[in-house]
Amino acid sequence: NAAKMWSGRFREPLNTTFEEWQRSFPFDWRLLPQEVAASKAHARAIAAAGILTETELITMLEGLDKVLATVELDGPKVVASAPNAEDIHHFTELELTKHIGNLALKLHTGRSRNEQIATDMRLFVRDAIDATVIALKDWALALIELAEASGESVIPSYTHLQRAEPVLVAHWLQAYVSMIERDLSRLTDARKRMNLCPLGSGAVAGATLALDRTIAAKALGFDAPTPNSMDATSDRDFMLDFTQTLSTLGIHISRFAEELTLYSTAEFGFLDLPEAFSTGSSAMPQKKNPDLTELIRGKSGRLLGAATTLSMLIKGLPLAYNKDLQEGQQPIFDAADTIAGILSVLPAFTRSLKFRATPMQTAATTGYLNAMAAATYLSNKGIPFRKAHEIIGNAVRLGLESGRELNDIPLSELQSLSEAFAEDFYAAITLEATLDCHDVIGGTSRPRVKQALQDARKRLSGI
Ligand code: ARG
């Protein structure tokens with residue numbers, strides 16, 4: 001029992017099953033880099049407060065560096081190596097003692113594990129945000145590259161999953177770039193909000209030493225110390241922000257995955273799945289399955305799960321620290337690992353996509369996807385749009401009954417529906433005209449899409 005960080009007031013040993021069950025070291029070992037960084041920052045702060053001499057501080061900092069350098073960050077190995085370590089804080093103290101002896105025991109002066117774990121998790125989440133931002137920007141660039149390479153190829157747009165109007169493939173892909181831009185903004189926003197340092201908050205009421213809290217904050221790259229010790233030791237908003245942001249990102253990724261899964265079917269036939277990212281069937285020799293998009297659609301559910309777990313965990317907690325909070329670590333690790341995994345394959349997969357332009361163009365030009373352009377033609381001739389809509393609806397019905405597209409119907413027949421039809425009608429409902437009549441910011445006309453791609457590229461390079 002003497003090996004514990006808190007054994008003094010206890011007479012009986014812990015129930016061994018309980019002891020093993022309540023440990024967090026089997027998962028929080030991966031916070032070692034954060035724990036060492038936070039400990040070094042705290043060492044500087046207590047040295048400035050006169051608790052450590054300059055030489056002791058140097059020994060302490062070197063010892064902490066040695067801990068990080070000597071521990072092999074391999075989960076099963078490190079956990080097996082320290083069966084007595086209750087958590088990462090205890091483990092680090094035990095390791096530091098191996099290197100610098102009893103001086104290690106001074107490190108805990110004026111601090112509590114409650115502020116430590118709050119700090120470690122902030123550092124972990126901050127790194128995870130930075131890694132996500134880099135990987136996500138790469139996916140956005142991959143989409144932009146694919147959009148640029150797609151030139152003027154078209155795809156039907158759908159509403160209600162019914163063909164609506166033709167759009168440029170580039171326009172469709174850029175819809176995802178817009179989502180990513182919002183995700184990036186949420187991530188950077190969350191980072192800004194969380195970048196305050198809990199060190200010096202103590203167990204709940206503030207450090208019991210007159211620490212200059214700006215020392216540790218600065219050493220760890222935080223903007224300032226947190227303003228309230230009770231909040232700082234029990235606040236996990238930054239974990240909620242992170243997982244909720246990842247949930248939204250996961251939803252976007254999942255929609256992309258769903259579209260590609262659908263478009264790769266024989267029924268759509270819009271793309272050939274890249275073999276390097278597809279798998280076969282052990283039973284059906286002909287199969288090429290979209291496992292990548294299915295898996296990321298599935299894995300994105302874990303991101304939503306993490307956000308839900310954390311919300312449930314925190315909503316009933318009285319202030320301040322409660323041990324329940326220990327349960328918040330694994331959802332964060334899982335969410336960080338899951339998004340890192342997804343984004344490790346998604347950009348390369350995206351860059352390898354090859355669309356099948358002909359079936360896409362056929363789908364985009366059959367089924368009266370130019371009917372809105374046709375109605376616009378009539379309204380440009382001075383017919384009120386409501387009326388124009390009705391006339392083109394009649395023309396569509398004529399086409400449906402006789403198996404013809406609008407452009408197959410001769411002028412004489414159209415003129416029996418309205419005298420406003422003239423020879424220039426056919427030029428107004430070509431594929432190009434149908435695209436280019438959407439000449440507004442955010443529309444699918446060819447020059448607008450080209451401009452939008454350049455604008456998105458520029459915005460991304462500024463992040
Ligand atoms: N392992 C603990 C956690 O993750 C560290 C904080 C423990 N604090 C305490 N008062 N028992 O929450």
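Me: A residue is buried if 20 or more other C-beta atoms, placed from the backbone, lie within 10 Å of its own, exposed if 12 or fewer, and partly exposed in between. Is H160 buried or exposed?

Reply: The model is predicted: local features need pLDDT of at least 70, side-chain atom pairs count only at pLDDT 80 or more, and totals for chains, interfaces and linings use all residues. Numbering starts from 1 along each chain as its sequence is written. H160 sits in the loop between β1 (154-159) and β2 (162-168). Because H160 has 6 C-beta neighbours inside 10 Å, its class is exposed.

Me: How many helices does the chain have?

Reply: Helices (H or I, at least four residues) and strands (E, at least two) are DSSP runs, numbered from the N terminus. The chain has six strands, and its helices come to 20.

Me: What is the mean pLDDT of the chain?

Reply: pLDDT is the predictor's confidence in each residue, from 0 to 100. In this chain 100% of the residues reach 70 or more. The model as a whole scores ipTM 0.96 and pTM 0.96. The mean pLDDT of the chain is 97.

Me: What radius of gyration does the chain have?

Reply: The box filled by the C-alpha atoms, taken along the principal axes, is roughly 100 × 55 × 40 Å. The radius of gyration is taken over C-alpha atoms, and the globule rule is 2.2 Å times the number of residues to the power 0.38. For a compact globule of 463 residues the value would be near 23 Å, but for this chain it is 31 Å.

Me: What is the phi of L161?

Reply: L161 is placed in the loop between β1 and β2. L161 has 7 other C-beta atoms within 10 Å, so the residue is exposed. The phi of L161 is positive, although the residue is not glycine, and lies near 55°.

Me: How many residues of helix α15 are buried?

Reply: Helix α15 covers residues 371-380 and is mostly covered. Contact means that two C-beta atoms, placed from the backbone, lie within 7 Å. The cover over the buried residues includes α16 (385-402), α18 (425-428) and α19 (431-436). Of the 10 residues in α15, the number buried is seven.

Me: Which residue just after α15 takes a positive phi?

Reply: The buried residues of α15 include Y377 and L378. Just after this helix, a positive phi of about 100° is taken by G382.

Me: How many other C-beta atoms lie within 10 Å of D212?

Reply: D212 is in the loop between β3 (196-197) and α9 (213-219). Not counting residues up to four places away in sequence, D212 touches A45 and A48. D212 is partly exposed because the number of other C-beta atoms within 10 Å is 15.

Me: What separates the C-alpha atoms of D212 and R44?

Reply: Along the chain, D212 and R44 are 168 residues apart. Their C-alpha atoms are separated by 9.8 Å.

Me: Which residue does a cis peptide bond join to L319?

Reply: The cis bond has an omega of about 0°. The loop between α12 (291-315) and α13 (329-351) holds A320. The residue joined to L319 is A320.
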